[in-house]
Amino acid sequence: MSRQLAHWVAGLRYQDLPPTVVDRAKGVTLQAIASALLGSQTSGGQAAIRLVTEEESVQRNGATVMVNGAKVTKGAAGFANAEMAYAGGKWDTFRMLMHCGVTIIPTALVAAETTEGVTGKDFLTGVAAGYEVMQRLAADFVGQVMSRGFHPSPVFGIFGAAVAAGKIMRFSEDEVNELIGLCVNLAGGNVESRTLREGPAARNALLAVLLAKQGHRGGETALEGNAGFYTAYAGNNLGQLTYSFTGETEANLPKITANLGKDWMFLETLYRIYSIPGFNIAHVDVTAKLCEEHNIKYQDVDHIEAVVNWFETQYPSPAFAPPPEPGAPVARGAQQYYTAYGVVKRGFPLLAGTPDPPEVLELMKRVTIIPSHTMTLFGPRITIFTKDGKSYTKQSTGREFIWDFTEETRRIRGVIPGLPIPAAQFEEIIATCRDLDGQGQPAKLVQLTVKKA
């Protein structure tokens with residue numbers, strides 16, 4: 001399997017990318033950089049910067065820590081920048097539990113900054129390859145891996161990050177093949193102790209890249225072998241599933257490498273524009289849209305019902321979700337809370353620190369969540385019952401947060417008041433991302449995160 005993926009990655013050219021894939025690669029880059037800018041101001045982001053600048057500063061052959069501007073080892077830069085992207089909360093999301101850009105974009109930027117002659121087209125091609133490989137490896141196994149105590153985002157994230165960096169660094173097919181096998185040895189991420197997630201995955205991805213470049217072997221069957229990746233993390237190499245979002249009990253491993261370059265799973269990536277658990281974003285926007293369409297106001301609402309994918313009510317996994325407490329009050333941050341926000345504010349704050357309106361805290365007590373095995377992920381069916389005896393329903397598609405670069409720039413600009421750089425500098429980041437297939441330089445993106453003197 002790794003050989004088939006490596007053959008495709010090594011042969012992939014910018015000219016092979018559909019315009020929608022190029023557009024999405026620009027968008028996820030902008031999203032991750034915005035998240036890192038926000039995350040640089042958090043305690044977690046600051047801790048990561050202190051760690052790498054105190055322990056791994058270098059004078060040459062290093063990479064840049066975003067916002068801070070210090071030069072550290074390549075692995076340290078990948079770690080710190082991924083930690084900041086994670087802390088900022090503006091992640092992209094795939095299959096509910098995967099946040100690909102947190103590992104892929106920081107690692108791709110390290111590779112672009114430290115490899116001579118890398119163009120924007122090279123960068124976009126690497127990003128697209130990393131996302132596609134990561135998401136194909138993970139797609140049917142996200143719930144299964146989570147149920148075994150491993151967080152799928154870092155477990156699969158190392159593959160996406162390493163493939164993106166390897167592609168940008170012009171790895172051959174053999175080097176990519178060994179790189180993927182080496183990632184099997186370096187993958188990790190536990191749910192119970194979740195303090196180390198995407199940051200170490202980015203760091204280990206760059207370690208795998210350096211090892212592969214030196215000729216270390218990863219093997220031909222590291223993924224699907226009898227003692228390989230899927231046996232270790234999914235419990236078997238036959239595609240047998242105990243947990244899945246749709247109730248399926250079997251996955252097709254050959255499908256992982258089928259139609260590479262023709263069917264782009266990357267395009268299923270959506271934007272978690274609000275810094276909240278991803279399966280709640282549709283509760284905000286779909287409910288808000290329903291209220292706008294029928295001019296429903298908070299004072300008109302009697303109660304609300306939301307039918308959702310059952311997995312979304314069992315976070316982090318049905319395998320060890322806490323049992324519901326009968327009669328327990330609805331908590332701030334529950335799905336009911338976000339549904340109420342959609343009614344009261346027709347949206348949700350993009351920046352932390354906004355106090356909750358009392359109407360939200362009251363209305364969330366009148367929202368009922370109904371689990372369903374037939375509902376798509378991120379696709380709640382919202383029904384608002386009004387005090388005059390009427391009801392209004394809107395069915396989400398699960399794709400409301402999949403948009404193009406133009407919409408991404410419109411939505412992400414809402415974070416500008418909370419950024420550590422001037423608005424004009426962030427606009428320059430947007431313009432550079434937009435022009436990456438023209439004159440835009442990926443290495444410039446890192447420098448643009450550093451506040452100018």
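This is a predicted model: local features need pLDDT of at least 70, side-chain atom pairs count only at pLDDT 80 or more; totals for chains, interfaces and linings use all residues.
Residues are numbered from 1 along each chain as its sequence is written, and side-chain values use heavy atoms, leaving out hydrogens and water.

**Exercise 1. A sheet and one of its residues**

Work out in which order the strands of the open sheet lie, and what Glu 305 is in contact with.

Step 1. Strands here are DSSP runs of E, at least two residues, numbered from the N terminus; two of them pair if DSSP finds at least two bridges between them. Four strands form the open sheet, in the order β6-β5-β7-β8, with mixed pairing.

Step 2. Look for strands that pair on one side only: these edge strands are β6 (367–372) and β8 (391–395).

Step 3. Strands β5 (residues 301–309) and β7 (residues 381–386) pair in the antiparallel sense over six bridges. Val 307 has Arg 381 in β7 as its bridge partner.

Step 4. Now find Glu 305 in strand β5. Glu 305 is partly exposed, at a relative accessible area of 29%; buried means under 20%, exposed over 50%, and partly exposed in between (1.4 Å probe, protein chains only).

Step 5. Contact means heavy atoms within 4.5 Å. Leaving aside neighbours within four places in sequence, Glu 305 is in contact with Thr 368, Ile 370, Arg 381, Ile 382, Thr 383 and Phe 385.

**Exercise 2. One face of a helix**

Explain why the buried residues of α16 line one face of the helix.

Step 1. Helices are DSSP runs of H or I, at least four residues. Helix α16 (residues 423–434) has twelve.

Step 2. List the buried residues of α16: Gln 425, Phe 426, Ile 429, Ile 430, Thr 432 and Cys 433.

Step 3. Seen down the axis of α16, these residues fall within an arc of 165 degrees, so they line one face. The arc is that of the directions from the helix axis to the C-beta atoms.

Step 4. Recall that an α-helix has 3.6 residues a turn, so residues three or four places apart point the same way.

Step 5. Ask what this face meets: the buried residues of α16 pack against α2 (19–39), α15 (405–412) and α17 (442–447).

**Exercise 3. The largest nonpolar core**

Find which residues touch the most other members of the largest nonpolar core.

Step 1. Such a core is a set of buried Ala, Val, Leu, Ile, Met, Phe, Trp, Tyr and Cys residues joined through side-chain atoms within 4.5 Å.

Step 2. Of its 157 residues, Phe 156, Tyr 230 and Phe 426 touch the most other members. Helix α2 gives the most to this core, with eleven residues.

Note on methods: The expected span of a helix is 1.5 Å times one less than its number of residues.
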